[in-house]
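Trainee: I have just opened this structure and would like to learn how its features get their names. Could we go through them together?

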Amino acid sequence: GGMFISMGRGSPTIEWNQFWENQAGDHGGGIVAVNTQFATNLDISFNLFVRNSALGSGLGDTGSGGAMWIYNFPGVIANNTMVSNRGSGESLCSGGGLVLDSTQENLEVTRNLIVYNDGCGITCKDMPEVNLGPNLLWSNLQGDLGTGAGSCPSCWAATLTIADPQFCTPENDNYSVAITSPALGPGGPMGVWTDPGCGPGVPVQPTTWGRLKAIYR
C-alpha cells in the first residue's frame, strides 16, 4: 500500500506522515512492517491514516490491516489517528485499523485513535504479546477488538476508551479533536493532534488545506 518494511536488523522510525487512500492487494493499506530476524525498536508515531484499504487476497487471511499490519516487531505504535480505513478478506474481523501478528511483549501500542474503520479496529493473529496502553476506539464495523480467528486478549478491553472522539470537521477531513474530546482526557492526549482544534475558548486560525498538508511533509 503506502509503505512496505521488511527488515532483519535495524530500528525503523516512521513519524509525522500522512497516509491517504493507498491500497494493498493483500496486507497493510498504509504500512506493512515485518521483522524477519533481529530488527529492533519499530517506532510508528504521530501519523494520520485515512481511507487506506487492504484487500486480504492471500489464502488463509486472518486480517489484512487497512491502516497497518505489524509482524513480530518490538517498539512503539503511539499517537496515530486511523480513520475510515478498510480491511477485507476471509476472516470474520479483517482489521480495518490495525493488525498485530505474532508481535512481542515489548511492543507498546498506546494513545492511538482508531475510529470508523471497516473491519475491526484492532485484530490479532496468534495472540500477540503486547503492552497495550490507553487507546480510543469508536464505531469500527465488525467491532473494536478482533473476534474469531482474529481475537485479541480479552483483558485488553479494560484499557480502551470507547467513546466518540469528537473530530472537529470530519466532513472536511479535519481530524483534530474538540476541546471537550475524551481523547484529551486522563488517558490522553491521544491521536496525532495533542491540542484541541475547535470548541469554546479555542482560537480560530484560518488556513488552507495546502498549508495543513505541508505541516506533515
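Mentor: Gladly! Let us begin with cysteine 168, whose relative accessible area is 16%. This is a predicted model, in which local features need pLDDT of at least 70 and side-chain atom pairs count only at pLDDT 80 or more, while totals for chains, interfaces and linings use all residues. Residues are numbered from 1 along each chain as its sequence is written, and side-chain values use heavy atoms, with hydrogens and water left out.

Trainee: Why is cysteine 168 called buried?

Mentor: Buried means under 20% relative accessible area, exposed means over 50%, and partly exposed is in between, with a 1.4 Å probe and protein chains only. Cysteine 168 has 16%, so the residue is buried.

Trainee: What makes cysteine 198 partly exposed?

Mentor: Its relative accessibility is 21%, so cysteine 198 falls in the middle class. Cysteine 155, in contrast, is exposed because its relative accessible area is 54%.

Trainee: How do you know that cysteine 168 and cysteine 198 form a disulfide?

Mentor: The rule asks for a pair of cysteine sulfur atoms within 2.5 Å. Here the sulfur atoms are 2.1 Å apart, and the pair meets the rule. The torsion about this S-S bond is about -100°, so the disulfide is left-handed. Cysteine 168 lies in strand E20 (residues 167–169) and cysteine 198 in the loop between strand E21 (174–177) and helix H1 (209–214), so parts that are 30 residues apart in sequence are tied together. Helices (H or I, at least four residues) and strands (E, at least two) are DSSP runs, numbered from the N terminus.

Trainee: How many disulfides does the rule give?

Mentor: The count comes to three. Another one joins cysteine 124 to cysteine 152, with an S to S distance of 2.2 Å.

Trainee: Why is the disulfide of cysteine 124 and cysteine 152 called right-handed?

Mentor: The torsion about its S-S bond is about 100°, so this disulfide is right-handed. Cysteine 124 lies in strand E16 and cysteine 152 in the loop between strand E18 (135–138) and strand E19 (160–162), so the bond links parts 28 residues apart in sequence. Cysteine 124 is buried because its relative accessibility is 0%, and cysteine 152, at 10%, is buried as well.

Trainee: What joins cysteine 93 to cysteine 120?

Mentor: A disulfide, with an S to S distance of 1.6 Å. Cysteine 93 lies in the loop between strand E12 (86–87) and strand E13 (98–101) and cysteine 120 in the loop between strand E15 (113–115) and strand E16 (122–125), so parts 27 residues apart in sequence are tied together. Cysteine 93 and cysteine 120 are both buried. With bonded cysteines counted along the chain, the pattern is 1-2, 3-4, 5-6.

Trainee: Why does serine 176 count as buried?

Mentor: Its relative accessibility is 7%, so serine 176 belongs to the buried class. Serine 176 is found in strand E21. Contact means heavy atoms within 4.5 Å; beyond neighbours within four places in sequence, the contacts of serine 176 include Cys168 and Trp193.

Trainee: What makes strand E5 and strand E9 a pair?

Mentor: Two strands pair if DSSP finds at least two bridges between them. Four bridges join strand E5 (residues 31–35) to strand E9 (residues 68–71), and these run parallel. Both belong to an open sheet of five strands in the order E1-E5-E9-E13-E16.
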